[in-house]
Amino acid sequence: MATTTVNQNASLASIIERRRESILAEWLREMSGATRRSDLMKESELQGQCGQFLDLLARASGTGTNVQAAAYEPLREMLLDISRVRVQKGFTPRETAMFVFSIKRPLFTAIREAHGKDPVAMAEQMWSTTELLDSLGLYTTEAYLKSREEVIRRQQEDMLELSTPVVKLWEGILALPLIGTLDSARTQVVMESLLEAIVQTNSRVAIIDITGVPTVDTVVAQHLLKTVTAARLMGADCIISGVRPQIAQTIVHLGINLLDVTTKATLSDAFGLAMHRSGFSFIRSDKKEKRDN
Amino acid sequence: MERIPILRMGEYLLVTIQVDMHDRLAMTLQDDLTNRISETGAKGVLIDISSLEIVDSFIGRMLGNIASMSRVLDADTVVVGMRPAVAITLVELGMSLTGVRTALNVDAGMDLLRNSLDARKDALYGSRIQ
Amino acid sequence: MAVVSSEATAVATESDIVTVRRLVREASAKLGFSLVDQTKVVTAASELARNTLIHGKGGEMELITLNGPRVGLRLKFHDHGPGIRDIQLALRDGFTTGSGLGLGLGGAKRLVNEFEINSQPGEGTTVTVTRWK
């Protein structure tokens, strides 16, 4: 069985080699009917890709039909590249996969002509070629999804970074003003960047201001508590400020124990406390009054 | 046998943990430290763990034990320099080391020990002479 | 699920726990885990290796690198010890048969994404944990 497969594929390679130009021309025609996107891609670029694909396919198919094999590495890499570029250009995954699938008709025509007198060999080769092209087509879809996921992950990371501004209020005092809904992932990033900032700025007090947070659920409240505990383990105090009445009610209803955590109504109260704890005090300099006297 | 060195600085003992401790080494440190506190009459112990890449429940328990034991021997303990990733993990593990005092770094830790010793002296002898 | 590599290491002495920590640290760093995730999975490995040593009377750890569809690290701790009679009880915080805090199993579970435990009294215990990137 194995030997016949190799023979058939060797002949697939030779078929491609013999009829390269006609397959290429027909394939390009096929694509212009089905999925050609001249708005997104130049004709010459597509021609180059098709030619490269055929050459790589001819070379790899001599070794078998397992697309995960090392012989298919250059072909896989090329498809990966194509998918990545097409994601950026705005192709749909269907259009990207059709790049591979649309070669079927021209290639099958060539196979049929080559095996004119032997229907069994022809059927067998068509089947193995179909399988091969299907896996390659699916590979482009996988690659497409992978590059999409990369884009999404990068955007998520960017967003997370944007949403966690740790600011220094005073020597040794940090503040983290949180705005918007807190989910578990975001709270975790917030927690990490706050703790990192505590070390970097050598701050003994950190204020987490949740004035801009509309609701707090159990998970988020637990994360906040964990942040406070982790900061304490590192040797810093946390104050939570800006607790809205609804959030205070939720916290009590949920049975979350905030007894060990210092909370203040406003950021300014928290800042006052932080200054006091750090040994700073305020004196108002009323120069105007002095002059009047 | 491998041991973690304990330095003496006046009324304080200083320990810097710089190796990934196996459990026996942690237990030895606990023994050595309690012995040294009672020998020297030290009033404070500072443990610098800024080099530690993880603190698991065993090392966490050792730190808690040292703090409790030194309290019995009339010495304060402060653990300094825990890394953020280590702190997050320790909290997730379920250990909050209640009863262990902490500080960001050796300087802050020494301040804490001095202030606490001053406060104790004040309580004993009244206002100290400046 | 594509397994990229798999290697086993003995957990028979206290210094093997340190080796386990080092191996897991290296593997998770190589996979590109964030520092916090590295620390979590190393700490979980430390707890489980200690369990294998103390309660399982020694065993081994298998370290499996997963790649595709998701990247992750899977650790299998296997021993031929007395086994765990009541797994639910063993997972509860504060429960201990030894002299520890009883945070080992439950704590390790909180530090990973997937946690599986198989135990037959008298035959041994296998704990499998996975942390995804």
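Domain bounds here come from an automatic or database domain assignment. In this predicted model, that assignment divides chain A into domain 1, covering 2-158, and domain 2, covering 167-277, and the C-alpha centres of these two domains of chain A lie 55 Å apart. Both domains of chain A contribute to the lining of the largest pocket, each with at least three residues.

Several elements supply at least two lining residues each, namely helix 4 (73-89), helix 7 (119-162) and helix 8 (184-201) of chain A, together with helix 2 (35-54) and strand 5 (124-132) of chain C. Helix 7 of chain A provides the largest share, with 15 residues. By residue class, the lining divides into 15 nonpolar, 12 polar and 15 charged residues.

Between the two assigned ranges of chain A, one may look at A:Val166, which is placed in the loop between helix 7 and strand 1 (167-170) of that chain. A:Val166 counts as partly exposed because its relative accessibility is 25%, and buried would require a value under 20%. Leaving out residues up to four places away in sequence, A:Val166 touches A:Leu174, A:Ala175, A:Leu176, A:Ser193, A:Leu194 and A:Ala197. A:Val252, by comparison, is 86 residues from A:Val166 in sequence and 28 Å from A:Val166 in space, C-alpha to C-alpha.

With a relative accessible area of 1%, A:Thr96 is buried, and, apart from neighbours within four places in sequence, A:Thr96 is in contact with A:Ser83, A:Arg86, A:Phe91, A:Thr140 and A:Tyr144.

The nonpolar interior can be considered next. In soluble globular proteins, nonpolar side chains tend to be buried together. The largest nonpolar core in this model has 101 residues, and the members that touch the most others are A:Ile198, B:Ile17, C:Val24 and C:Leu75. Helix 9 (residues 218-234) of chain A gives the largest share of this core, nine residues. A second, separate core of 37 residues includes A:Leu24, A:Met31, A:Phe99 and A:Met122. Returning to B:Ile17, its contacts beyond four places in sequence are B:Ile4, B:Leu29, B:Ile47, B:Asp48, B:Ile49, B:Ser51, B:Leu52 and B:Met62.

Notes
Residues numbered from 1 in each chain as written. Chains lettered and ligands numbered in written order. Predicted model: local features only at pLDDT ≥ 70, side-chain atom pairs only at ≥ 80, totals over all residues. Heavy atoms only, no water. Buried < 20%, exposed > 50% of the residue type's maximum accessible area, 1.4 Å probe, protein only. Contact = heavy atoms within 4.5 Å. Helix = DSSP H or I, 4+ residues; strand = E, 2+ residues; numbered from the N terminus. Nonpolar A, V, L, I, M, F, W, Y, C, P; charged D, E, K, R; others polar. Core = buried A, V, L, I, M, F, W, Y, C linked by side-chain atoms within 4.5 Å.
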